[in-house]
Amino acid sequence: MTKFSKPSAGIDQKSQEATNPHSPVVDFGVDKPLHLDSGVSLSPFRIAYQSYGELNADKSNAILICHALTGDQHVANVHPVTGKNGWWETLVGPGKPIDTDRFFVLCSNVLGGCLGSTGPASINPETGKPWALDLSIITIADMVRAQAMLIDHFGIKQLFAVVGGSMGGMQVLEWASSHSDRVFAAVAIATGARHSSQNIAFHEVGRQAVMADPEWKEGRYLEEGTVPRKGLSVARMAAHITYLSETALHRKFGRNLQDRQNVTFGFDADFQIESYLRHQGMSFVDRFDPNSYLYMTRAMDYFDLAAEHQGRLADAFAGSRTRFCIVSFTSDWLFPTSESRTVAHALNAAGASVSFVEIETDRGHDAFLLDEPEMFSAINGFIRSAARARGLLQP
Amino acid sequence: MSVNTTPRVDFDVIASLVNPGARVLDVGCGDGELLELLQNTKNVDGRGVELSQKGVNESVARGLSVIQGDADSDLKYYPDAGFDYVILSQTLQATRNPKNVLTELLRIGEKAIVSFPNFGHWRMRASLLVNGRMPVTEELPYSWYDTPNIHFCTISDFVDMTKEIGAQVETAVALNAFGQRIGFNMPWGFWNLFGQQAVFLLRR
């Protein structure tokens, strides 16, 4: 497992990670351009990644983890900017459901991200300045194409599994749809085959908050030496509410006041929930690039797997031999169970092998990142069964 | 959705009717016990649908391909003839529209295997005759007001329905109260009286 020296959190560290990351990188030169959905050919470009465990001799034990909107490749190691543990150490590690003693686990920073892969904070080789909004719009399918090129780089023909939640789950579905023969098993958690109107609406609020901040400077804040701190912070605050549930919020914070006995008849953070959200917003700015947030949210908005197949989602999986595991959470209102059920029904209609579990929890969308024993046992059972079928585990 | 709490004597009979390596859909698969048995002994390509989330989660943890769904409303999502066998074990009597469900089974599968408790069994008849109350037995322990079994039928009723939907009975097995098979040469009326459970293999 990769360890980093104790990081000093802050904006400098963050820009450092965008251009010169701690993670290993693969540079794809002009001979290997990436053809984006926008019609633009991106070249050269870079993908930063983390890996855990060993690739076996026939390269059949690779699991690709796809990270979510504000996630990154630091799945199971200390984060170089925040100093916190990996975001999925509950699921990925030695002896865990995704067992790094058994599998070669790979996670790359998505294209358009800000932890080392080419994104708006990377330097545009033509101008020598950050790309900012000159970078083409990136789609979920583009992210997956870049991941496929990384897999090629490792000489892996077929991934044993692709696993991800939320935006990561969208990538999983895209992988299974457009690179079906390269995916033996797919685990899509708290996700959907499209972004709903309500979800687009929340993303638009976030983007407008970023762009309304005068420090955003039409996206050129890195050159201007400013940070649209308030804008990105408000975007994160609004988004964070959608990751939780009303029940969980009320249980955690209720109407409790923050370090005071009475309300102040002012606009300070009187309530604990206000203080909590402000903290979430500010700490997010320290680790995430504002323009990258615009690109990531746009990628999710544009995702609509059925639309790519004349509105028939089942056709997106026609003839698929991939084994699917779909997981949803009862209190997730961002990607409610109905979205997962739509995917499961489409997979049924396509004759694909599918497991679909709904986990009872009041912790909302973020439950996929938390300690949810029933989710772990479902994923563990699914992965073990798939590993037996793939000959990676003795029956 | 499977609602019988006693040991499943019908499982071995069902397994004996399934060809090795077949594509099987188990509708109302419970915690996946039958599917696991079929995978281990018949090497089937098995899938399941189960109404209770608990059953689904237990099945998936066993490594089975099972989704949450309702036999009455969710079979329409399956393509025609996608399976060699569709199994409905101890679930028919709990569906809202058994005739429609049976028709769907034979659309999705080349063959359907249906097992159900026989309400024509002599003990049921005796219980109603003597006590004048809806029978509550060891095998069917529910009172009339809390039972998930809303559409009981007898073997004779079931045979009538297969005719109505144009299904052919390929094999029929009746099990007595001890889980033993009742002689094949006995008439339906005898089965209907002494068969506590019935397993039918149907084809279109």
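Reader: How many salt bridges are there over all chains?
Author: The model is predicted. A pair is counted when a side-chain nitrogen of Lys or Arg lies within 4 Å of a carboxyl oxygen of Asp or Glu. Over all chains, the number of salt bridges is 27.

Reader: How far apart in sequence are the parts that A:Arg182 and A:Asp152 tie together?
Author: These two residues form a salt bridge, with the closest N and O atoms 2.8 Å apart. A:Arg182 sits in the loop between α3 and β10 of chain A, while A:Asp152 belongs to helix α2, so the pair ties together parts whose separation in sequence is 30 residues.

Reader: Is A:Asp270 buried or exposed?
Author: A:Asp270 forms a salt bridge with A:Arg260, the closest N and O atoms being 2.6 Å apart. Both lie in the loop between α7 and α8 of chain A. A:Arg260 is partly exposed at 26% relative accessibility. Buried means under 20%, and A:Asp270 has 5%, so A:Asp270 counts as buried.

Reader: Leaving aside neighbours within four places in sequence, which residues is A:Ser385 in contact with?
Author: A:Ser385 is placed in helix α11 of chain A. Its relative accessibility is 10%, so A:Ser385 counts as buried. Leaving aside neighbours within four places in sequence, its contacts are A:Arg323 and B:Gly63.

Conventions:
Residues numbered from 1 in each chain as written. Chains lettered and ligands numbered in written order. Predicted model: local features only at pLDDT ≥ 70, side-chain atom pairs only at ≥ 80, totals over all residues. Heavy atoms only, no water. Helix = DSSP H or I, 4+ residues; strand = E, 2+ residues; numbered from the N terminus. Buried < 20%, exposed > 50% of the residue type's maximum accessible area, 1.4 Å probe, protein only. Contact = heavy atoms within 4.5 Å.
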